[in-house]
Amino acid sequence: MLTRLVTTGYWFVRDPARNEALAQQEVPMSAFALTVTCRSTRGIVAAISTYLAENGCNITDSAQFDDRETGNFFMRVSFNSETGTTLEQLSDG
């Protein structure tokens with residue numbers, strides 16, 4: 001399940017010598033939470049983190065659990081879309 005938490009942010013260019021903003025641009029930034037439940041197999045974490053990075057996302061928190069009794073894998077990943085990638089675009093992948 002993928003859910004959007006926030007929708008916009010701001011990006012600033014600063015002049016370090018004068019410590020003032022030279023430009024401000026509204027950039028679509030979205031925070032998401034992804035929950036995963038599946039059969040445990042090698043490479044799940046790598047596949048998810050690679051997919052998110054390739055789609056302009058930055059992981060801010062991650063937790064996972066491998067249930068050896070049932071063979072299931074559970075994961076929760078919080079991340080920001082830093083390039084304006086939408087929920088719909090992420091869901092298509």
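This tour moves through a predicted model, one selection at a time.

**Helix 1**

Begin by selecting helix 1, residues 44-54. Display the side chains of Ile 44, Ile 48 and Leu 52, each of which is buried. Why do these residues lie on the same side of helix 1? The arc that they cover around the axis is only 55°, which places them on one side of the helix. Then continue just past the helix to Gly 56, whose phi is positive, at about 75°.

**The largest nonpolar core**

Next, select Leu 34, Ile 48, Leu 52, Met 75, Val 77 and Phe 79. These residues belong to the largest nonpolar core, which has 13 residues, and they touch the most other members. Two or more residues of this core come from each of strand 2 (20-39), helix 1, strand 4 (72-81) and helix 2 (87-92). Which element gives the most? Strand 4 does, with 4 residues. In soluble globular proteins, nonpolar side chains tend to be buried together.

Centre the view on Val 77 and show its surroundings. Setting aside neighbours within four places in sequence, Val 77 is in contact with Phe 32, Ala 33, Leu 34, Ile 48, Leu 52, Ile 59, Asp 61 and Ser 62.

**The hairpin of strand 3 and strand 4**

Now select strand 3 (residues 57-67) together with strand 4; the two run antiparallel and are joined by 10 bridges. Asp 67 has Asn 72 in strand 4 as its bridge partner. The hairpin has 4 residues between its strands, and in it Gly 71 adopts a positive phi near 80°.

**Aromatic pairs**

Phe 32 and Phe 79 have ring centres 5.3 Å apart and planes at 25°, so they are stacked. Because Phe 32 belongs to strand 2 and Phe 79 to strand 4, this pair ties together parts 47 residues apart in sequence. Are these two residues buried or exposed? Both Phe 32 and Phe 79 are buried.

The other pair to select is Phe 65 with Phe 74, also stacked, with centres 6.4 Å apart and planes at 25°. Here Phe 65 is partly exposed at 49% relative accessibility, and Phe 74 is partly exposed at 31%.

**The loop between strand 4 and helix 2**

Finish in the loop between strand 4 and helix 2 by selecting Thr 83 and Thr 85. Their side chains are joined by a polar contact of 3.1 Å. Thr 83 has a relative accessible area of 57% and is therefore exposed, whereas Thr 85, at 10% relative accessibility, counts as buried.

From Thr 83, draw a distance to Cys 57: the C-alpha atoms are separated by 7.3 Å, although the residues are 26 apart along the chain. From Thr 85, follow the side chain to the backbone oxygen of Asn 55, which it reaches at 2.7 Å. Beyond neighbours within four places in sequence, Thr 85 is in contact with Phe 32, Asn 55 and Leu 90.

How values were computed:
Residues are numbered from 1 along each chain as its sequence is written. This is a predicted model: local features need pLDDT of at least 70, side-chain atom pairs count only at pLDDT 80 or more; totals for chains, interfaces and linings use all residues. Side-chain values use heavy atoms; hydrogens and water are left out. Buried means under 20% relative accessible area, exposed over 50%, partly exposed in between (1.4 Å probe, protein chains only). The arc is that of the directions from the helix axis to the C-beta atoms. A nonpolar core is a set of buried Ala, Val, Leu, Ile, Met, Phe, Trp, Tyr and Cys residues joined through side-chain atoms within 4.5 Å. Contact means heavy atoms within 4.5 Å. A polar contact is a pair of N or O atoms within 3.5 Å; within protein, one must be able to donate a hydrogen and the other to accept it, and residues adjacent in sequence count only if both atoms are side-chain atoms. Two strands pair if DSSP finds at least two bridges between them. Rings of Phe, Tyr and Trp (its six-membered ring) pair if their centres lie within 6.5 Å; planes under 30 degrees apart count as stacked, over 60 as edge-to-face and the rest as tilted.
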